[in-house]
Amino acid sequence: MKKMTMWLFTGLILLFGFSIKSHAAENSIDDQAGLFTSEQIEQLNEKIAPIEAKTKAHIFILTNTDNEIDSTRFADYYMLDRIGKDQNGVTFYIDMNQRKSVISTSGNMIDYLTDKRNDQMQDNIGPSLSNGNYFEAAQTFLDDTSSFFEQGVPGGHYRVDTETGKVTRYKVLTTTEILIALIASVILSGIFFAISVSKYQLKFGTYSYPFREKATLSLTSKNDRLINSFVTTRRIPRNNSNGSGSGGGGSSTHSTGGGTFGGSSRGF
């Protein structure tokens, strides 16, 4: 009886988990313009699910025909309404009224999808949109998002606020740097150990340091006060050159509704 109860409980958990996953996928496509068939929406949902699991970010594909405000702002507000302020997410918006494609990024996806990578994505998506193959454009967007996430945040990455010019830099350790640091730490530890043994002529297992007789304790009071702080800002021009999207560079950001967003837009 106990084993049967356990199997039923496990089955309910699996069923509940599948239900949540399916529900999340169904909410990822908002095709108000009717650009996709039901079969295409199902295929896009299946493609989105593993990318969301890998990136820990929400992915949306949005289309409509009646938007009158700035396309970028519309995509930002849409994601802000769906997931909240500064949460991990990316929205691919096809504005059929203004004939624009928008990639809006939020949270950590701002750092993965840099300006250079956004330009490469728009280059890849553009021909499909111009030819009216919107399903192919959506698939390309998902493929590129997955690929750039796997490549990681580029070395020397930074964010630049296009409204204030403030630059925020991020240090990303490469695999080579990590290996060098590990090797250096092992070598330095070995040298320190050898010097200590040589200096004190320690005999392992027989030597006991008289810490009670030689130890001293001195307590002092110290107060730190912040006198002033300085923030240096400068504008970094956006790199619009084509080429591999895997290189370094930064992400331009702007504020919408109190949230920070990155991304790009282009006509088609």
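K54 is partly exposed in this predicted model, with a relative accessible area of 29%. Its side chain takes part in a salt bridge with E150, in which the closest N and O atoms are 2.8 Å apart. The two residues belong to distant parts of the chain: K54 lies in helix α2 and E150 in helix α6, 96 residues apart. E150 has a relative accessible area of 57% and therefore counts as exposed, the cut-off for that class being over 50%.

A further contact involves K47 and D143, whose side chains meet in a salt bridge with an N to O distance of 3.1 Å. K47 is located in helix α2, which spans residues 38-55, and D143 in helix α6, which spans residues 134-151; the pair therefore ties together parts that are 96 residues apart in sequence. K47 is partly exposed, at 27% relative accessibility. D143 is also partly exposed, with a relative accessible area of 41%.

Another salt bridge joins R159 to D111, and here the closest N and O atoms are 2.8 Å apart. This pair again links distant parts of the chain, since R159 lies in strand β5 (residues 158-161) and D111 in helix α4 (residues 109-112), 48 residues apart. Both R159 and D111 are buried, which means that each has under 20% relative accessible area.

The structure holds 5 salt bridges; among them are the pairs K54 with E150, K47 with D143 and R159 with D111.

Note on methods:
Residues numbered from 1 in each chain as written. Predicted model: local features only at pLDDT ≥ 70, side-chain atom pairs only at ≥ 80, totals over all residues. Heavy atoms only, no water. Salt bridge = Lys/Arg side-chain N within 4 Å of Asp/Glu carboxyl O. Helix = DSSP H or I, 4+ residues; strand = E, 2+ residues; numbered from the N terminus. Buried < 20%, exposed > 50% of the residue type's maximum accessible area, 1.4 Å probe, protein only.
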